[in-house]
Amino acid sequence: MSFFPKFTSKIITVAPLIGVILTTLLCASPIGQVAEVLKSQGAQLLLAGAFLHAAAFFLGYLVSKISFGESTSRTISIECGMQSSALGFLLAQKHFTNPLVAVPSAVSVVCMALGGSALAVYWRNQPIPVDDNDDFKE
């Protein structure tokens, strides 16, 4: 906010809505392209994708707490869990002729977006302790 305060103050109210819309589009495109496969195998893929991202969120937080404070550990957790499933989907589509190769990445996009968003909302409502030993203070 220090570089463009007027611009930032105007867009800060609509930025969350834009984020939700873009995340929905990011999820909808891959899922729509592999919908037929998901009707039969979706539950197995969803379970695997959810576990993968949940483990990444958890381990990112747990390991970072060894060296960092709460704020940085939360950030690292979200970064670990929000790996680029959309990139995996696009690469699978581009480099493989079989469209089924992209199905796991398409499911992973949904798990990544839902898990990361839910965790961010949860942590947003959890105060950071005053005595947090984090190097990166606001």
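1. Helices (H or I, at least four residues) and strands (E, at least two) are DSSP runs, numbered from the N terminus. By that rule, the protein chain has six helices and zero strands. Its elements run α-α-α-α-α-α from the N terminus on.

2. This is a predicted model: local features need pLDDT of at least 70, side-chain atom pairs count only at pLDDT 80 or more, and totals for chains, interfaces and linings use all residues. Residues are numbered from 1 along each chain as its sequence is written, and side-chain values use heavy atoms, with hydrogens and water left out.

3. Look at the overall dimensions. The C-alpha atoms of the protein chain fill a box of roughly 50 × 40 × 25 Å, taken along the principal axes. Of the 138 residues, 28% are buried (under 20% relative accessible area, 1.4 Å probe, protein chains only).

4. Now the contacts (heavy atoms within 4.5 Å). Take those in the protein chain with a separation of 6 or more: 73% join residues 24 or more positions apart.

5. Helix 3 (residues 35-64) and helix 4 (residues 70-81) pack at about 150 degrees, and their axes lie 7 Å apart. Axes are lines fitted to C-alpha atoms over the stretch in contact, and angles run from 0 to 180 degrees between N-to-C directions. The two helices are therefore roughly antiparallel (angles over 145 degrees).

6. Which residues make this contact? Helix 3 contributes His53, Ala56, Phe57, Gly60, Tyr61 and Ser64. Helix 4 contributes Glu70, Ser73, Arg74, Ile76, Ser77, Ile78, Cys80 and Gly81.

Definitions and conventions
Parallel < 35°, antiparallel > 145°, perpendicular 65-115°, else oblique. Buried < 20%, exposed > 50% of the residue type's maximum accessible area, 1.4 Å probe, protein only.
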